[in-house]
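Here is a short walk through one protein chain. Keep the structure in view and follow along.

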Amino acid sequence: MTAADEPQTIILHRSDLLAVLVAGWRDFRRAPQFGLFFSAVYVVGGFFLTWLGAGTVSWVLVTSLGFPLIAPFAAAGLYEVSRRLERGERPEWLAVLGVVWRERTRQLPWLGAIIVIYFLFWTFLAHMIFALFLGLSTMTHISDSWEVLLTVNGLMMIVAELVVGGVLAFVLFALTVVSLPMVMDREVDFVTAMVTSVQMVRANLSVMLLWAAMIAVVTFIALIPWFLGLFMALPVFGHATWHLYRRAVP
């Protein structure tokens, strides 16, 4: 792909966020069975990780090596449903799942690999921050040592984890917000898609900060009732992401 062929991004406004959310809700209502099916991947995964126990070696391995590889394919299913509805077609299970299956030989696995590496880096960095502030503190197990987190070092560690984690989360958001639907929709390599995604976020920084905050807040609220809120939040945001991509990368 030459420089002249590289996709260009356009300027978005806050009203566009409302428009894509409405479009995402409309797609979910038109084909709820697909939204419930693909969001179940995240919900079941959340239950599985909880069952394994957060903080254990197995949890780190599954989170870093398994879940990020599967999640992009679930998102691709939602994008495909929105693409077919956009064309006036009726989504069919065999066709939608067939597209998701074919993505395994295209660029989507490379983006999944990037996310895996990113998660591994964040896991390492989080442990480094913990060791920096609380490495010499007397702790038996985090569930039995909550008072340590209320010390000066403990509070500083929490702030550092939130700040660093927030920055890294937004960088990952910038890399993937439109690159995931883009590699599924167009014949572009994953590097071009990520570069386009970052350029779009940079050109619309305040709007994308708001979009990222909306996703984070709604997803956090959806996690509270035993992950069940994800059955609605994830499909709506997944479909909305497709429409955001279509607006941002003409």
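Predicted model: local features only at pLDDT ≥ 70, side-chain atom pairs only at ≥ 80, totals over all residues.

H10 passes H11 in a left-handed crossing. Helix H10 covers residues 205-223, and helix H11 covers residues 230-248. Their axes lie 9 Å apart. The packing angle is about 160°. Angles over 145 degrees count as roughly antiparallel. H10 and H11 are therefore roughly antiparallel to each other.

Now look at the residues between them. From H10 come Met208, Trp211, Met214, Ile215, Val218, Thr219, Ala222 and Leu223. They meet Leu230, Ala233, Phe237, Ala240, Thr241 and Leu244 of H11. Sorted by class, this contact holds 12 nonpolar residues, two polar ones and no charged ones.

Step back to the whole chain. It contains 11 helices and zero strands. Read along the sequence, the pattern is α-α-α-α-α-α-α-α-α-α-α. Of the 250 residues, 44% are buried. The chain exposes about 13,600 Å², and carbon and sulfur atoms supply 72% of that area. Take the contacts in the chain with a separation of 6 or more: 76% of them join residues 24 or more positions apart.

A second pair of helices comes next. Helix H5 runs over residues 108-134, and helix H7 over residues 152-176. Their axes come within 9 Å and cross at roughly 165°.

Which residues of H5 and H7 make the contact? On the H5 side, they include Ile115, Tyr118, Phe119, Phe121, Trp122 and Leu125. On the H7 side, Met156, Met157, Ala160, Glu161, Val164 and Gly165 are among them. By class, the contact of H5 with H7 has 18 nonpolar, four polar and one charged residues.

Where does Trp101 sit? Its place is in helix H4, which spans residues 93-102. Is Trp101 buried or exposed? Exposed means over 50% relative accessible area. Trp101 has 56% relative accessibility, so it counts as exposed. Trp101 can also be placed relative to Ala76. The two are 25 residues apart along the chain, and their C-alpha atoms are separated by 9.8 Å.

Key:
Residues numbered from 1 in each chain as written. Heavy atoms only, no water. Helix = DSSP H or I, 4+ residues; strand = E, 2+ residues; numbered from the N terminus. Buried < 20%, exposed > 50% of the residue type's maximum accessible area, 1.4 Å probe, protein only. Axes fitted to C-alpha atoms, helices over the stretch in contact; angles between N-to-C directions. Parallel < 35°, antiparallel > 145°, perpendicular 65-115°, else oblique. Left-handed = near helix turned anticlockwise from the far one by under 90°. Contact = heavy atoms within 4.5 Å. Nonpolar A, V, L, I, M, F, W, Y, C, P; charged D, E, K, R; others polar. Areas by Shrake-Rupley, 256 points an atom, 1.4 Å probe, with all protein chains shown as cover.
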